[in-house]
Amino acid sequence: MKEQLHALQSEALGLIAEAGDIPTLEGLRVRFLGKKGELTAILKQMGQLDPNQRPVIGQLANAVSAEITEAIQMRREVLEAADLDQRLRAEQLDVTIPGTAQVIGKRHPMMKTLDEALDIFIGMGFTVAEGPEIEFAANVFDKLNTAEGHPSRDWQDTFYFDQADKHVLRTHTSSVQIRVMENQTPPIRVVSPGRVYRKDEVDATHSPMFHQIEGLVVDKGITMADLKGTLNALVQELYGAGTKTRFRPHHFPFTEPSCEVDCQCFKCSGAGCSMCKGEGWIELLGAGMVHPNVFRNCGIDPDEYTGFAFGVGLERMTMMRFNISDLRLIFENDLRFLRQF
Ligand code: DAH
C-alpha cells in the first residue's frame with residue numbers, strides 16, 4: 001500500500017503541475033481526493049492490513065492528501081493570476097481614443113423667448129390660459145366689438161372654414177380674452193400664447209402662420225398706467241434695463257383708448273438703420289384699455305371694472321431678442337441657423 005500511495009502522490013503532483021486551467025485542476029482534485037477518488041479507494045483496503053501497520057499507513061495517507069491539497073492550492077493561485085493577467089490585457093481600455101459625440105437637442109429660439117416672456121409674466125402674477133386655433137368667428141370678431149362689415153375683418157384676411165363663416169382659423173389670440181372673461185370673474189390676470197393665421201404671403205416679415213402672446217388684466221381701478229408699467233417691465237426684462245419704449249395712439253375695435261408700443265431699435269439704438277427702416281423704433285405690440293362693449297359681451301359690468309389688454313408677436317419679439325433679420329429663418333428649421341442659439 002505504501003507503494004500505491006507513493007505512486008498516487010507522484011502521479012497526482014505531475015498532473016497538477018501540468019494542469020492548464022482551473023476546471024482541469026478541479027477535475028484532478030475530484031479524481032484524487034474526492035469521496036469516490038483514488039486516495040479513498042486505497043484507504044478502503046486498510047482493513048486488510050496488519051493492525052500495527054495501520055497507523056503508519058494512515059499517517060502516510062494523510063501526508064499524501066495534505067501534499068496533493070497544497071499542490072492544487074498553489075497551482076490554482078498560479079492559474080488565477082495568469083487568468084487575471086490575460087483578462088486585464090484583453091480588456092485593456094485606451095482612454096485616449098476620441099469618444100462618440102452625443103447629439104443633444106436645444107430649445108428653438110422662439111420657444112426660448114416664449115419661456116422667458118412667460119416667466120416674466122408669471123413673476124408679475126399672471127396665469128397662462130389657452131384657447132383653440134379653430135375658433136368661432138364670434139370670439140375672434142363679434143364679441144371683440146368687431147361687427148360684420150367692419151374693415152378689420154378685411155384687413156385681417158381670415159381663413160374661413162364654412163359657408164356660414166362661423167368658424168375661422170383665429171387671426172389673433174385676442175379670442176382667448178372672450179373665453180377667459182366668459183368663464184372667470186374678475187380680478188383676471190392672464191397671458192395666452194399660441195398660433196394665429198392670416199392670409200399673408202411669406203416674406204422677411206410676414207407668414208400665414210405666426211405666434212402671439214395675448215395679455216388681459218381686469219379689476220377695479222385698472223388704468224393705462226398699469227398697462228404702461230406692465231409692458232415696460234416686460235421690455236426691460238427681455239431686452240435689458242434702460243431699453244426705451246414709445247406708446248403711440250392707434251385704433252383697435254376691442255380697446256379704447258388703443259395704442260401701439262414701439263421699442264427702441266436694438267441694432268442702432270435709435271439712430272436709424274435698415275432694421276428699423278430709419279425710424280429708430282421697432283413696433284412691438286398692440287394694446288389698450290378693454291372696450292366697454294367687450295366687457296358687456298362677456299357679462300362684465302364696465303361701470304364696475306376696467307382692464308387692459310395687449311397682443312404681442314412672438315416672432316417679432318424673438319427677432320429683436322436674438323438680432324434675427326428674416327422671419328423665414330424662424331420657420332425653416334435649418335440646423336445651421338438653429339445651432340447658433
Ligand atoms: N389682436 C391685435 C392684433 O392681432 C393685437 C392687440 C391689440 C391685442 C390690442 C390686444 C389689444 O389685446 O388690446 O393685431
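Helices (H or I, at least four residues) and strands (E, at least two) are DSSP runs, numbered from the N terminus. This is a predicted model, in which local features need pLDDT of at least 70 and side-chain atom pairs count only at pLDDT 80 or more, while totals for chains, interfaces and linings use all residues. Residues are numbered from 1 along each chain as its sequence is written, and side-chain values use heavy atoms, leaving out hydrogens and water.

**View 1. Thr158 sits in the loop between helix 7 (151-155) and strand 3 (167-169).** Thr158 counts as buried because its relative accessibility is 4% (buried means under 20% relative accessible area, exposed over 50%, partly exposed in between; 1.4 Å probe, protein chains only). Leaving aside residues up to four places away in sequence, its contacts include Phe141, Arg153 and Lys199 (contact means heavy atoms within 4.5 Å).

**View 2. The largest nonpolar core has 42 residues.** Such a core is a set of buried Ala, Val, Leu, Ile, Met, Phe, Trp, Tyr and Cys residues joined through side-chain atoms within 4.5 Å. Ile213, Tyr239, Leu284, Leu285, Phe310 and Met317 touch the most other members. Among the elements that each supply at least two residues of this core are helix 5 (109-123), strand 5 (209-219) and helix 11 (314-322). Look also for a second, separate core of 21 residues, which includes Met1 and Leu49.

**View 3. Helix 5 has 15 residues.** From its first C-alpha to its last, helix 5 reaches 21 Å, close to the 21 Å expected at 1.5 Å a residue (1.5 Å times one less than its number of residues). Its buried residues include Leu114 and Ala117, and both of these touch Ile213. Gly125, with a positive phi near 95°, follows helix 5.
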